Amino acid sequence: MGLVIVLASPGFAVAQTVQPTSQPGGSVPANSEGPAADPSGTAGNPQAVDATTTADGPDIVVTGFRASLNSALNAKRSENSAIDVIKAEDIADFPDNNLAESLQRVPGVSINRVGGEGRAITVRGLSGSFTRVRVNGMEAQAISGATTSDRGINTGRGFDFNVFASELFNNLVVRKTADAETIEGSLGATVDLNVARPFDYKEPTLVLSAQAGYNSLAKNVDPKLTGVASRTWDTGIGRIGALVSAAFSRRRYYEDQFGSGGWNPATTDGGFCSPVGVAPVSPAFNAAQGTDAANCATGVARPAAGDQLYGQVNRSTVFLPRLPRYGRFNHNQQRLGVTGSLQWEPTDGVEIGVDALFSDFKVKREENWLEGFSFARAIASPNFGKPQTAIRDAVLRPAGTSGTQGVNFGQQVSDIAYGVFDGVDVRSDTQYDRFRSKFSQYTLHGKFDITDNLVGSALLGIAKTDFRQKDQTTFLFGRNNTRQTIDFRDSRNQPTIGFGFDVTDPSQFTLAPGSAEIRATPSTLDNKNRTFEYNLAWKFDDGFTVKGGIHYDKFDFENRVYQRANNFIVPTLTAAELAGLTRLVNDFGDGMREGVFPTSWVAINYPAFAKQYGLDNYTGTFALIENLGASRRVHERIFSAFGQLDFNLNRWGLPVRGNAGLRYAKTDLTSTGYSSGIAQFVTAGNKYDDWLPSINLVGDLTSNLLVRTAFAKVITRPELAFLSPGASVTISGTPSVNGGNPALDPIRANTYDASLEWYFSRNSLLSIAVFYKDIKSYIQNQAQQLTFNQTGLPVELIANSGLDPNVTLFTVNQARNTPGGPLKGVEVNYQQAFTFLPGPLGNLGALFNYTHVQSKITYFLAASAANTTKRDLLGLSRDAFNATLYYEDKKVSARISGSYRGPYIIALPANNPLQDLEGVDKSLVFDLSASYQVTDRIKLTFEGLNIFDRFYRQFIDSTRNSTFVYSHTGPQFYAGAQYRF
C-alpha cells in the first residue's frame, strides 16, 4: 500500500500557481507557444517548470499523465534544437519506477537492464559511453556494479541510472542535436536530469509518501518512502525559498537463470579423455591422479577401444558450454536519495541558488550456482580438468557454417545437444558481492540582469562518486569425478541438467585443497568533477541574441583493485564442519520448465564461513595484495568556450528561427598505470583541442507544422580504461608492448539531422526524423609495428635496454584510433489524445515511436591488422519501438506500455575462442499503471513492471546463436493509496 500526503495553503487541489525559473546549464526550456528569443537564455537552457499560460492570470501547473505529455510537447515544440522531454505527473511522482525506464519512452532511446532494472541507455544506436549526462546543469558520473555477464562494475564514462531514485527528479531531457552552448563530449545525446527548486512552487508544499512493492519470484514486500517539503518567504532582503526532498527504497528479489559461462570448442583446455589405444594419449599418465592406460582418473575408466564418440565430439568444430549450470541470485538493494535547494532573489533580475544532491546505493548480491567445472579447466595442479572427463553418450546439433576467422572458417559447426559425461568435477559456486556507491553534488548558480538586454549566468559545482566494492568473492567447493548429463534437445534456453549424486547432502561434497577455490577481488573507484561556467546573453535586436561563455572541468578518476596472492589456499574441513557451514538453496525454478534442474542444492553459508575464517576482514590466509596491473588513475582538465547567435526572423516575415555557433574545447590529460617491465607505476600525458561548429534551423511552415535541420561537429573522449600507460613490455626476442594508450585522440564525427513535426491537435504529434552520423574514427585494440616513441608510452619503460626508441620496431597491441563508419537512421513518433471519439472513448490516447538504425564498423579480430570484420556498433539495436495506450478521466487513469529492443552486440570478438561475438537477444517488456480517484483527497494506485515476466537472453556466436545466459526476475508490483488536503 502507499500513502501520499500533500499539505498546501487553502484552495490547493490539482493545480498550483508557480513562478517559472531558469537554470544555468540546465535543460528544459520554459514553455511558450511562440519561438520568441529570450535574452536570459531561458528558451534554450533552463529548468523545467512547465506551465500552461492562462489569459488572465499566472502560469498554472497541471497534473496527471495527459497533462505531463502536453507540457513536454510544448517544451519540445518551442526549442530550437531537437529535444525530447519526460515530465513528472505530479510532485514526487515520476511516470516510471526508474529513470532509464522513463527515458526508453523517448524515440531513439533503448535501455540495458540488469536484474530486471534499467541501468544504462543507448541513443540512436550509440551506447552510454557516447552520451553525456548532466545533473542540475553539471556533468556527472554515477557508478554501480553488476554480474560478470552484465559487464560488472562501470569503470568507464557511462552513467548508471539505477543509482538514483526517480522520485527526486522533476524532468528529464534528451538533447539529440548539438549546439554551441551545450558542453561537448556527446556523439549520441546530452541527457539532463533536473530536480525541483523552491521557486517552482509558490505556495508552501509538503509531500509524504509510502509505498510497498512485491516481487512475484522472491515473494518479498519492501518499502518505498518519499518526502518533499518546499516553502518561499518574502523578506526584507528579497524572496527566499528552501526545498528538501528524500527518497528511500528497498528491493529484495530473485533472479533465476541458466548460464553457460560461455561456450568452448571441445578441443580447448586439452580436449576430453581419449579412449583406450588412441594416440596421442590424453591425459598423460599420472599415478597420483589415477591416470593410466585404462583410466582417465581415479574411478573413471577410459572409453573402450574403438569408441566412436570421442572422434565425433573432440573436434574444434563442436562446442560445449564451459560451465553448464543453473543459478539463483539473491539481490538485496537499498537506495537513499536526498536533495536540497536554496534560492534567493534579492531584487528583480537577480537570482542566486545552491543545490545539493546525495545518493547512497547499497547492494548485496549472492549468486549460488551448481555447475560442471571440468569443461572450463585444463590439467594444471590443483585442477584436474577436461582431459580427465570421459564422453559416455552424445548427440550433436548442426549449427551452420562458421563465419569466424580461424581454423573453423567455412566448416560446419555443431553444438552439443545431449551429452553424458563421467569424471566431471562438480562445484557449488557462490559469488558474494557487496558494494556501496555514494554520489554527492553541490552547485552554486546565479542569474543576473546586467542591463535590460544583457543577462549573465554562472555555475560553480563539485560532484563526487565513491564506489566501494567491499566484497567480490567467488567461493567454490564440490565433488570430483562424478557424472553430469546435459540435454538441450527440448530447449536451447533451459536444458535439463542432472548429476550423479545427491546434491542436497553436504556429506557428498568436499572443501579442501584440490576441490575448492576462494577468489577475493574487492576494489575501489573514485571520481571527482569540479566545474566552473560563466555565460552572457545579449539581446541586441528583436529576434537576435548573442551568447558567449567559458566552461572549465577538472576531472579525477582512480581505480584500485585487490586480490589474494593464491586462490587455492583453502582450509580443510571435516564432513561435520562442512555441514555446519553450508545451507540449502531452496525452491529454485519457479517460472521455468519443470524438472530441468534440482530445486535444492548445497551452498556455502558465506557469512558464517567468512566470520569464522577471517574472510570477512581479509586476514590470515585471506590477506589481500593490490592487483597493480588493474589499478590506474586519470586526470583530465578541459577548458571550453563558445559563441552563439540565436535568431528569429518572423519580424521580417520569414518563419525561420534557430541558432548557429562555434565551440572550442581543449583537453589536457595525464594518466598513471603500472608497468610490469620496470615494476613501478608510470605516468604519461596527452593534449588535443577541437573546434566544433553547429547550426540548428527551425522553419515554422504553419501554426502546427515545422521542419528542423541541424549540423554539428562532435566528439566523444576515449573510454577511461583505454588511457592507462601501464604496459607489459618485452625487450628480449621480438620486442613487444601490450597495454593501454594515453595518446588516443577522441572519436570525432559530423552529424546531420532533419525532422518534420506536425502538432495536429492538443496533446498530439506526428513526426519523422532522419539522422546521419559520419563517424570519422573509432577506438579498439589493434596490433601494429611501431617504434617505441610512437606508442605514446614513457621511454623509461625501455631504459637501459639498448633499444633505440626512435628506430627499433615493436609489435604493439594496444587501443588505437581506427577508421570509423557511417551511422544512419530514422525515427517515427506518434502521439494523440483521442478526444474526437464519443463518450468515455474520448479519454483514450496513445503514444508510439519506432527507430531504425544502421551502422557498420570495421573491427580488428584478435588484435590483428590483417583479420577484420564489418559489424554493427557495439550496443546498437537496428530496430526499437515503444507503445503506450492510456485512459484518463476525472476518476480513472490507466495505461499499459510495451517496449521492444532488437538484438545487439556486447562483445566483439567473443571472449571465448573461435566465436565471433557475444550479444543480447531481442526483448519485448510490458508495464502497466492505474489509479482511481475515490474522492478529491484519496486515490488508489496500482503498478506492474515486466508484467509478463519476459526472460533476458544473452547469446554467443552469430552463426550458432548459442545461449549464454537465460534469466528472469519475475514481475514487480506496487499497490497504494494517496491522500491530499
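**A close look at one threonine**

Thr787 counts as buried, because its relative accessibility is 11%; buried means under 20% relative accessible area, exposed over 50%, and partly exposed in between, with a 1.4 Å probe and protein chains only. Please keep in mind that this is a predicted model, in which local features need pLDDT of at least 70, side-chain atom pairs count only at pLDDT 80 or more, and totals for chains, interfaces and linings use all residues. Residues are numbered from 1 along each chain as its sequence is written, and side-chain values use heavy atoms, with hydrogens and water left out.

Where does Thr787 sit? It belongs to strand β38, residues 765-787. Strands (E, at least two residues) and helices (H or I, at least four) are DSSP runs numbered from the N terminus. Setting aside neighbours within four places in sequence, Thr787 has contacts with Pro805, Asn806, Val807, Thr808 and Leu809; a contact means heavy atoms within 4.5 Å.

Not counting residues up to four places away in sequence, Ser129 touches Gly158, Thr716 and Glu719.

Now to a helix. In α5, residues 606-613, the buried residues are Tyr606, Phe609 and Ala610. Seen down the axis of α5, they fall within an arc of 100°, so they line one face of the helix; the arc is that of the directions from the helix axis to the C-beta atoms. These buried residues pack against β22 (412-449), β23 (454-487), β25 (516-520) and β29 (601-604). Lys611 and Gln612 are exposed on the face turned away from the buried side of α5. Just after α5 comes Gly614, with a positive phi of about 85°.

Stepping back, the protein chain holds 5 helices and 51 strands. Its radius of gyration is 30 Å, close to the 30 Å that the globule rule gives for 981 residues, so the chain is as compact as a globular protein of that length. The radius is taken over C-alpha atoms, and the rule is 2.2 Å times the number of residues to the power 0.38. Along its principal axes, the C-alpha trace spans about 95 × 75 × 50 Å. Of the 981 residues, 59% count as buried, as Thr787 does. Among contacts with a separation of 6 or more, 74% come from residues 24 or more positions apart.
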